[in-house]
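Student: I have just opened this model and would like to learn how to read it. Could you walk me through it with me asking the questions?

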Amino acid sequence: MLEAAQRASVAGRLWAAERDRVPIEPLTDAYPGIDVVDAYEIQLINIRRRLAEGARVYGHKVGLSSPVMQRMMGVDEPDYGHLLDTMVLSEDVPVEAGRYCHPRIEVEIGYVLGSSLPGEGCTEADVLAATEYVVPSLELIDSRVKDWRIGLADTIADNASSAGVLLGAARVSPADLDPADVEAVLYQDGTEIARGNTNAVLGDPTVAVAWLARKVASFGVQLEAGHVILPGSCTRAVDVRPGDVFRAEFAGLGSVSARFE
């Protein structure tokens, strides 16, 4: 476990890496003793700094929500990061790829909460009851760690590699669509490049949202009405370059697109 001064130093390095778009070497190399508690505290240092500068919490995202990624990281549960209003992107405005270090796109459904979730003891039924609607979404992820050479502590400290979120126009009640079985196809410049199903996310992405509600409760945080929750990608992550145009189509849920320049 790191000392408070070390946590502050690591947070400062990650802040500078994002600001200057100059990735740093893996934290786990420089600080072999860093653990998950350190990493979440480092994440929170930078989130509090952004909130002090005027950002607000837009929602949360779940990472490492597929069994494959968990095996790669040697963990048995997901991780999470914060989504801020400064990360919200629009289908109508091209995204400047140069704002990021090494951006990638992920395909997800998003849960928009109509009421706040309970914390400890939150169930999948609670999540579905509280969800006003689900939406098609693309998550933009980025790593402020060089070449994406990340371990668990690296990605958690780096706000679970969060960078941006883009929601499509469709709004569908979970009563009218089973979130656990939505087929999704990702196209790049009109060509299919990835395909998946939401059941790749812990068997049911609603499970990931309930896990998140319970997890953040241990830090004194609640998932609130109006928050957008991204439960994890149902396809592989795809590298982004200037000029790329992506479109994700979700069976029964519409589509969402993103253009990069």
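Student: Let's start with Arg144. Is Arg144 buried or exposed?

Tutor: Keep in mind that this is a predicted model. A residue counts as buried when its relative accessible area is under 20%. Arg144 has a relative accessibility of 2%, so it counts as buried.

Student: Where is Arg144 found?

Tutor: Look in the loop between β5 and α6, which spans residues 152-157.

Student: Which residues does Arg144 touch?

Tutor: Leaving aside residues up to four places away in sequence, Arg144 touches Leu14, Ala17, Glu18, Pro23, Ile24, Cys101, Asp158, Ser161, Ser162 and Ala163.

Student: How do I look for empty space inside a protein?

Tutor: The general idea is that rolling a probe the size of a water molecule over the atoms shows where empty space is left. Here the count comes to two cavities of 30 Å³ or more. The largest cavity holds about 100 Å³ of space, and Arg144 is one of the residues lining it.

Student: Which other residues line the largest cavity?

Tutor: Its lining also includes Leu14, Trp15, Glu18, Gln43, Asn46, Arg50, Met87, Ala157, Asp158, Asn159 and Ser162. Sorted by class, the largest cavity is lined by four nonpolar, four polar and four charged residues.

Student: What is the volume of the second largest cavity, and what classes of residue line it?

Tutor: The second largest cavity has a volume of about 50 Å³. Among the residues lining it are Leu89, Val95, Ile105, Glu139 and Phe260. The elements giving two or more residues to this lining are β5 (131-141) and β6 (162-167). By class, the second largest cavity has nine nonpolar residues, one polar and one charged in its lining.

Student: Let's turn to charge. How should I read Asp79?

Tutor: First check for a partner: a salt bridge needs a side-chain nitrogen of Lys or Arg within 4 Å of a carboxyl oxygen of Asp or Glu. Asp79 is buried but has no salt bridge, and the nearest side chain of opposite charge, Lys61, is 6.3 Å away. You will find Asp79 in strand β2, residues 79-84. Not counting residues up to four places away in sequence, its contacts include Tyr40, Val62, Leu64, Ile156 and Trp211.

Student: Can we try a residue in another loop? Where is Thr235, and is it buried or exposed?

Tutor: Thr235 is in the loop between β9 (228-230) and β10 (238-239). Its relative accessible area is 11%, so Thr235 is buried. Beyond residues up to four places away in sequence, Thr235 touches Val107, Ala194, Arg195 and Gly196.

Student: What is the phi of Asp189, and where is Asp189 found?

Tutor: Phi of Asp189 is near 50°, again a positive value in a residue other than glycine. Asp189 is found in the loop between β7 (183-188) and β8 (191-197). With a relative accessible area of 48%, Asp189 is partly exposed.

Definitions and conventions. Residues numbered from 1 in each chain as written. Predicted model: local features only at pLDDT ≥ 70, side-chain atom pairs only at ≥ 80, totals over all residues. Heavy atoms only, no water. Helix = DSSP H or I, 4+ residues; strand = E, 2+ residues; numbered from the N terminus. Buried < 20%, exposed > 50% of the residue type's maximum accessible area, 1.4 Å probe, protein only. Lys, Arg positive; Asp, Glu negative; His and termini not counted. Contact = heavy atoms within 4.5 Å. 1 Å grid on protein atoms, 1.4 Å probe; cavity = no way out; pocket = protein on both sides within 12 Å on 5 of 7 lines; lining within 4 Å. Points joined across faces, edges and corners; volume = space filled by probe spheres on them. Nonpolar A, V, L, I, M, F, W, Y, C, P; charged D, E, K, R; others polar.
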